Amino acid sequence: QHINCEAISQENIQLLQFQLQVGPHHQNRLHVFVDQLRKKVVKGRSLQPPQQLTPAKMVKVRMSSVDVAAEAACIKNKLKGMRLANMYDLSAKTYVLKLSRSGGEGDKVFLLLESGSRFHTTELIRDKADVPSNFTLKLRKHLRTRRLEDVRQLGVDRIVDFVFGSGEATMHLILEMYSQGNIVLTNAHYEVLTLLRSHRDDDKGFAVMARHLYPMQHVRLHQAVTLPELTAALLSPGPEPGTNLKAALAGSVLPYGPTIAEHVILDAGLDPGMKLKPAQSQAQDSLPPAESNAEAGAGGGLDDEGAREVEGGVEASGIGLGAEALSGGGEK
């Protein structure tokens, strides 16, 4: 409301411009305000207006496998032991959990869950619906006042399990962040009590529906990538001519996205942009001794959806890279 224009810097204005993308309300007024600031004289010099005054494009639109692994560990460390005070719905796919710690005044945390996209804590108080949805009311009925006991990934999928309560009174709030996403509430035996979206996959032979068991048997577990699997991906039948090494490994052998594939390849002493030719693909010596490091770096599970590029970032369906995989260690 009251700004000393002498204290405005180029960095301040860039920050205001960046905030336009997370503050859609009054966006036109903010654009005008930033434009006016750029015309002010700051410390005896005029700021040069940019070529275009548009919000910067967000880097990510979905959490990747590594994001999920890191965030789950962070949330567990920060929120374990807190009780669910209330729950609100911001939209049909976005919900906020209000957690508080017993005996602590003002120690409250808001946890945002968006089906199919993300989960993280937030300090931004968003407008919630005046009347909660039926799904929100069901979640409140089963989860309110329960203690958050654990936050964990399920296998190597982009699925997070929030565990409330203990023993037979345990409740599992499961957030799926692949495909169209889902939020599922189950009891201690993983029997579905309520869910955001029912669906079934006849090809894989499972269904996610109320009063059915959540398909834990279809959760992919961690598996070490073997040398024959690595060799087969490069030699038989061989990648398309002109395919680089990163592209050849990112989708099949290392389904964690191009970023992790590039890291593992560099750690093995190879060039991610190296072009693979049919002649090279038929020679066993196309894999230098560093192949063992690449194989060891793949110490995670495989995802049948593979890795794919998405607008504004990389979407990877597999999760669960351990420290051994990132460091080039791990078992073969």
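I began with strand β5 (residues 108-114), which pairs with β6 in the antiparallel sense over 5 bridges. Two strands count as paired if DSSP finds at least two bridges between them. Strands are DSSP runs of E, at least two residues, and helices are runs of H or I, at least four, numbered from the N terminus.

I noted my source. This is a predicted model, where local features need pLDDT of at least 70, side-chain atom pairs count only at pLDDT 80 or more, and totals for chains, interfaces and linings use all residues. Residues are numbered from 1 along each chain as its sequence is written, and side-chain values use heavy atoms, with hydrogens and water left out.

Next I traced the sheet. It is open, with 4 strands in the order β3-β4-β5-β6 and antiparallel pairing. Which strands are at the edges? They are β3 (83-89) and β6 (118-122), each pairing on one side only. From one strand to the next, the twist averages 20°.

Then I checked the helices. Helix α3 (residues 65-79) lies across β4 (94-100), β5 and β6, and runs at about 35° to β6. Helix α4 (residues 134-143) packs on the sheet and touches β3 and β4; its direction makes about 175° with that of β3. Angles run from 0 to 180 degrees between N-to-C directions, with axes fitted to C-alpha atoms, for helices over the stretch in contact. Contact means heavy atoms within 4.5 Å.

Last, I looked at the whole protein. I found 10 helices and 15 strands. Buried residues (under 20% relative accessible area, 1.4 Å probe, protein chains only) make up 42% of the 332 residues.

Technical notes
Buried < 20%, exposed > 50% of the residue type's maximum accessible area, 1.4 Å probe, protein only.
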